[in-house]
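Student: I would like to go through a structure step by step. Where do we begin?

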Amino acid sequence: MPSPYRAIFAAPGTVGFSAAGLIGRLPISMVGVGILTMISEITGRYAMASALTGTLALAAAFIGPQVSRLVDQYGQRRVLRPATLICVASVAVLLAAAANGWPDWTLFACAAVAGCVPSVGSMVRARWTVIYRDSPRELHTAYSFESVVDEVCFIFGPIIAIGLSTTWFPEAGPLIAALCLLVGVWLLTAQRSTEPEPHPREEHGARTSALRSPGLQVLTATFVATGAIFGSIDVSTLAFAEEQGHKSAASFVLAIWAFGSCLAGVVFGLLHLKGKSERRWVLGVCAMAVSMIPLLLAGNLPFLAVALFVSGLAIAPTMITTMALIEAHVPRAKLTEGMTWISTGLAVGVAVGSSVTGLVIDASGARSGYVVSISSGVAAAAVAFAGYRRLTRPAQGEEPATDGDGDSRARQHGDRVA
């Protein structure tokens, strides 16, 4: 591991909560594709499978920010453990319903309740922010490391989920994902020394949402379209691999996509870039949009894998820059909620993208699903350009976590980020 990455783990407790976060984040990439594979294996209905994963994503988008808002007020341990138990129990009932052929509405009801899944990545990033709030260079490296961890999850998560559901039994992928979430959250919340202090409602006016920030509104809206890219590619790639007669190979193709992002994230974390973060962010969004075009031209799995690897190179740097911009536009007392709104935008986009793509594939074939990916990329770039001025304006109201270049303002206020 390069020395800048070694340096961030010098602080006590960082190895422990990072390892727990890795386990707890595997379900990000396992649950959706696991349910998709499970339903397609049991019923062969891609529209039904994508609608079910879309329901889960929409429920997470609605409930997730509320869970994070409670975390900001009451602390991670008090909120995450009961939320995780509810989520895992709902997934367990969903698997039983699918295995026993219960009515479709029971599947959707369970998926909706399972939406209380915590945003483990936001919880881990909040801990890094507490530790390195006064060290912008180390904080940039920590965020880069977390983006790499995200991509590692997306490399191995689909392989595990699809592999288990196609070679063991259909429900195996979502089942292992739920167990990973339970173990990861319990290990994370057991580490109290690095847990951010809560910000009670009466102390910081927490009645207002972090989403009132104009900058956060732009970031979230853009990531709705970005999530549609992710959702459409997942569904299209799985269907395309099946058409090619190698359904299980979809997990490896998606892993190559994530590997491209992982590689770019590692390199980006070693850089100390100057200039406006807002410009880098817009360029990153545009790069993601342009990289969707070759997907429609793919005639076989090797070509598709290469095209996805190239498109993945723009993902992690854009996500890392997004986290820096959130800090510049969201008050410290609402930072966990602010980070979760990005996950919410992605979840809404994944829900819309996967549902629409499932319908397109059922009507016109797997390759047509990548038309949704291209359209979503164009939409993301359009929103980014339209909202650029909002991002360049200084944050209004409460003190943000950092300024636009990552320099901490913590010296002006003694409270800790939650």
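Tutor: We begin with a term: the radius of gyration is taken over C-alpha atoms, and the globule rule is 2.2 Å times the number of residues to the power 0.38. This is a predicted model, in which local features need pLDDT of at least 70, side-chain atom pairs count only at pLDDT 80 or more, and totals for chains, interfaces and linings use all residues. Residues are numbered from 1 along each chain as its sequence is written, and side-chain values use heavy atoms, with hydrogens and water left out.

Student: What radius of gyration does the protein chain have?

Tutor: For 418 residues, the rule puts a compact globule near 22 Å. The protein chain agrees with that, at 20 Å.

Student: At what angle do helix 4 and helix 8 pack, and what does that make them, parallel or antiparallel?

Tutor: Helices are DSSP runs of H or I with at least four residues, numbered from the N terminus. Axes are lines fitted to C-alpha atoms, for helices over the stretch in contact (heavy atoms within 4.5 Å), and angles run from 0 to 180 degrees between N-to-C directions. Helix 4 (residues 76-99) and helix 8 (residues 172-189) have axes 10 Å apart and an angle of about 170°. Angles over 145 degrees count as roughly antiparallel, so helix 4 and helix 8 are roughly antiparallel.

Student: How many residues of the contact of helix 4 with helix 8 are nonpolar?

Tutor: Ala, Val, Leu, Ile, Met, Phe, Trp, Tyr, Cys and Pro count as nonpolar. The contact includes L80 and V88 of helix 4 and L181 and W186 of helix 8. Beside three polar and two charged residues, the nonpolar ones number 14.

Student: How many helices and strands does the protein chain have?

Tutor: Strands are DSSP runs of E with at least two residues. The protein chain has zero strands, and its helices number 17.

Definitions and conventions: Angles under 35 degrees count as roughly parallel, over 145 as roughly antiparallel, 65 to 115 as roughly perpendicular and the rest as oblique.
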